[in-house]
Amino acid sequence: MVANLLGIAGVQVAVLDANEGLLGLPRAIAYDAETLRLFSQIGLLNDITPGLIRNPRVRHLDARGRVLMQADPPAYGPYGHSSLGTFYQPEFERVLLRGLARFDNVTVLFGHTATNLVQSQDEAVLSIATRQGASTLRAKFVVGCDGGTSRVRDLLGVKLIGSTYSQRWLVVDAIVKGHTVNQISFYCDPSRPRVELPAIGDRVRWEFMQLPGETEEQLKNDGRVMALIADNTRYREVRIERKAVYTFHARVADRWRNKRGFLAGDAAHLMPPFAGQGMNGGMKDAVNLAWKLASVLKGLAAETILDSYELERAPVVRKMVEVSRRLGSVIMPTSRSTAALRDAVFVCLNMSRAFRNFIGRGGVVPPPAVGRSALTGAGGDALVGQMLPQPGVKTPDGSFPLDTFQACHQWLVLGIGVDPATMLSARDLGILDALDVSFVCVNGRSERPRTLELRCDDPTFDAWVKRHAVHAVLVRPDRFIADRLDPNGRDLPVLTPFARARGITAPPIAA
């Protein structure tokens, strides 16, 4: 994903992978709306759509099959896509790899292992081992997306901080002809917690918690795997595609950057799977970092903006790790007395309509956000750092998703009932024109030739506008709101790093 984003930006990229090709194993299985929005942003959404199971119901059930929590995702959430679903990871990877073939500026090098990294003030030099022998590669920046056992993380001298679960889980991906699994089910059964998920076609995933006294070898035995499936489901004709025993971690890197080296995905953070944010968290890292790298490499911004990557992503990841922990604490108790107490608590909670509505709309997982940095407005405005919703909008030519009018690495200035260009200072207009910004006026009249007029009748978007009193906002390329526009046309501090790159002296900002 990082390479596709940088490829679109025209950046020269080399992708190194120690494997001889794609691994081809289904590991991650759940997507969220941000990931689909990102695939759309890079022009590959249609390629993955046939392999998606959208909006399956989610149920947490006790040992008797009674509902503890339930969620029924809407067909389309506030960000223009289904908020939850499953996918087949090998196909995701094939689509992303094929996507790189679009770019002459991207080179993919399988069978290349990074063995050393030496950094100077101007570049990073990688030592590489291949079947043909040793070589070196010089780059402006290096991004380690090489997983939980990241070699790049070691080369950068970074450590993961956190804990490891004592519980281990058997994960089984299977082919079951004609199965009727149509929801994500968490069976919170103290005799053996387990999970069942549908995947595309005839695929099903089951996850079974390893119990005390069991060994990994025993649990992975084909006969034992088939017995677990037979004991807990009605399926007998099952072809096992993959089986693995996992230890879950809750760890975050103590730093995400060392000079010219960065970490993303599992190399930067490991989290329990119960909130479905492992791969999705990595995708969020990718888009946050890639547009900033592209801006620096193209001379549009000062290199200082790269310091915002960890500031914006690490707090969100830590919060998501905690959410995953809490969900795990609901699912994993094996003490019958603890499980009985949990069940009684949920009986009481489900008497509350507010609780049922909160869970039903997916409220357990926090809405998309970034932490505060120099690229987000100061102060306590709750709007700043939120992801911009994506409603359907209309032009004389038809109806389109809002992202249609914001290209992959483009900034957006959005006004509601007002031409936002009229609220910008001369300095900021100059900066944004240089960034080839998109000016959009929703449900109003444009006063500047470059401002596009759009109509929006989406009641959810209208409610969001009213709730946050939105008049005009500056939206970053990753679709997060950088700041509100100042009604008095004062310079926006978030654009100062881009002013410096253009040699513009920023006036002092009043306290």
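Predicted model: local features only at pLDDT ≥ 70, side-chain atom pairs only at ≥ 80, totals over all residues.
The side chain of Asn105 reaches the backbone oxygen of Val11 at 2.7 Å. Residues are numbered from 1 along each chain as its sequence is written, and side-chain values use heavy atoms, with hydrogens and water left out.

Asn105 sits in the loop between helix 4 and strand 7 (106-110). Helices (H or I, at least four residues) and strands (E, at least two) are DSSP runs, numbered from the N terminus. Asn105 counts as buried because its relative accessibility is 14%; buried means under 20% relative accessible area, exposed over 50%, and partly exposed in between (1.4 Å probe, protein chains only). Asn19, in the loop between strand 1 and strand 2, is partly exposed, with a relative accessible area of 37%. The C-alpha atoms of Asn19 and Leu109 are 9.4 Å apart in space, although these residues are 90 apart in sequence.

## Salt bridges

The structure holds 39 salt bridges, each defined as a side-chain nitrogen of Lys or Arg within 4 Å of a carboxyl oxygen of Asp or Glu. One of them joins Arg131 and Glu20, with the closest N and O atoms 3.6 Å apart. This pair links distant parts of the chain, 111 residues apart: Arg131 is in the loop between strand 9 (124-130) and strand 10 (133-139), and Glu20 is in the loop between strand 1 (13-17) and strand 2 (30-32). Both Arg131 and Glu20 are exposed. Arg27 and Glu93 also meet in a salt bridge, at 2.8 Å from N to O. Arg27 lies in the loop between strand 1 and strand 2 and Glu93 in helix 4 (residues 89-100), so this pair ties together parts that are 66 residues apart in sequence. Arg27 is partly exposed at 32% relative accessible area, whereas Glu93, at 17%, counts as buried.

Asp285 forms a salt bridge with Arg313, the closest N and O atoms being 2.7 Å apart. Here the link runs from helix 8 (residues 278-297), which holds Asp285, to helix 9 (residues 308-331), which holds Arg313, and the two residues are 28 apart. Asp285 and Arg313 are both buried.

An open sheet of eight strands has mixed pairing and the order 5-4-13-14-15-12-16-19. Its edge strands, strand 5 (67-71) and strand 19 (269-270), each pair on one side only. Two strands pair if DSSP finds at least two bridges between them. Strand 12 (residues 160-175) and strand 16 (residues 239-253) run antiparallel and are joined by 13 bridges. Thr164 has His249 as its bridge partner in strand 16.

## Strand 23 and its neighbours

Strand 23 (residues 438-442) is mostly covered, with five of its five residues buried. Ser438, Val440 and Val442 make up one side, and Phe439 and Cys441 the other. Strand 23 pairs in the parallel sense with strand 22 (residues 412-416) over five bridges, and also in the parallel sense with strand 24 (residues 451-454) over four bridges. Cys441 is the bridge partner of Gly415, and in strand 24 the partner of Cys441 is Glu453.

A right-handed β-α-β unit is made by strand 22, helix 12 (residues 426-434) and strand 23. A crossover is right-handed if, with the strands pointing away from the viewer, the path from the first strand over the helix to the second runs clockwise.

Val345 is found in helix 10 (residues 336-349) and counts as partly exposed, at 41% relative accessibility. With Leu341 and Leu349, Val345 makes a nonpolar surface patch of about 250 Å². Patches are made of residues with over 30% relative accessible area and no salt bridge, like charges being joined within 9 Å and nonpolar side chains (Val, Leu, Ile, Met, Phe, Trp, Tyr) within 5 Å. Accessible areas come from the Shrake-Rupley method with a 1.4 Å probe; for residues, only the protein chains shown count as cover.

At the start of helix 11 (residues 353-360), a side-chain oxygen of Ser352 comes to within 3.3 Å of the backbone nitrogen of Ala354. Gly362, with a positive phi near 80°, follows helix 11.

Technical notes: Polar contact = N/O pair within 3.5 Å; in protein donor to acceptor, adjacent residues only side chain to side chain.
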